[in-house]
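Q: Please go through the terms used for this structure and say what each rests on.

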Amino acid sequence: MAVSIPVLVIVIALHLIAFVLAVGAERRRSTAKVVPDEYDERTYCVYGTDASTAYGLAAFGLLLISQTLVNGITKCLCFGRGMMGGSSTTCAIFFFVFSWVSFLGAEACLLAGSAKNAYHTKYRAAFQVESLSCATLRKGVFAAGAALTLLSMIGSIFYYWKHSKADTGGWQKHQNEGLGMAASNYTESTERKG
């Protein structure tokens with residue numbers, strides 16, 4: 001199997017778009033403030049935009065598509081044809097594990113961040129109570145997802161590249177084997193007959 005440039009371009013594009021969306025989600029996290037109710041003596045939480053939830057889920061989906069593409073093409077390292085032994089196979093296995101660990105970490109950060117960002121505190125407190133706190137997402141969750149997305153991209157690219165170098169296409173490479181060539185006596189036999 002040779003490295004396919006269109007596959008690399010698609011994988012890199014999906015990862016980079018997911019990275020940009022994760023950074024956007026970090027920048028647009030929901031903010032909340034406690035405001036008094038105009039009809040009674042209670043306070044409640046008012047939340048800002050929920051755009052980061054949509055950004056985080058979009059990044060989650062793009063990263064999932066990219067990982068599925070790479071592992072579908074390489075047959076997830078387990079179900080494909082045999083690979084030749086050597087450093088390319090060792091590197092392919094290392095980057096396979098590396099891409100999966102960083103992928104799962106990024107997906108966990110993006111999904112948990114989106115879920116936590118979508119959660120809004122519903123309760124109210126008596127007026128003049130300082131203890132009411134509005135639930136918001138902690139800073140850095142989407143940023144961690146963005147960083148792990150880049151690591152996943154690097155791992156996926158190197159995994160695909162090394163897997164394509166180690167893939168034998170179903171044939172085993174044989175060393176020092178070939179057809180034994182001997183001198184032909186064709187010209188001598190034709191001269192004797194003539």
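A: In this predicted model, the protein has 5 helices and 3 strands. Local features need pLDDT of at least 70, side-chain atom pairs count only at pLDDT 80 or more, and totals for chains, interfaces and linings use all residues. Residues are numbered from 1 along each chain as its sequence is written, and side-chain values use heavy atoms, with hydrogens and water left out.

Q: What makes a run of residues a helix or a strand here?
A: Both are DSSP runs numbered from the N terminus: helices are H or I with at least four residues, strands are E with at least two. Along the sequence these runs give the pattern α-β-β-α-α-β-α-α.

Q: Why is the set that includes Ala-59, Leu-62, Leu-63, Leu-110 and Phe-142 called a nonpolar core?
A: A nonpolar core is a set of buried (under 20% relative accessible area, 1.4 Å probe, protein chains only) Ala, Val, Leu, Ile, Met, Phe, Trp, Tyr and Cys residues joined through side-chain atoms within 4.5 Å. The largest such set has 14 residues, and the five named have the most contacts inside it. Helices H1 (5-27), H2 (51-73), H3 (87-118) and H4 (141-166) each give two or more residues to this core; H1 gives the largest share, 5 residues.

Q: Which residues does Leu-63 touch?
A: Contact means heavy atoms within 4.5 Å. Leaving out residues up to four places away in sequence, Leu-63 touches His-15, Ala-18, Phe-103, Ala-106, Glu-107, Leu-110, Thr-149 and Ser-152.

Q: How much of the protein is buried?
A: Buried residues make up 35% of the 194 residues.

Definitions and conventions. Buried means under 20% relative accessible area, exposed over 50%, partly exposed in between (1.4 Å probe, protein chains only).
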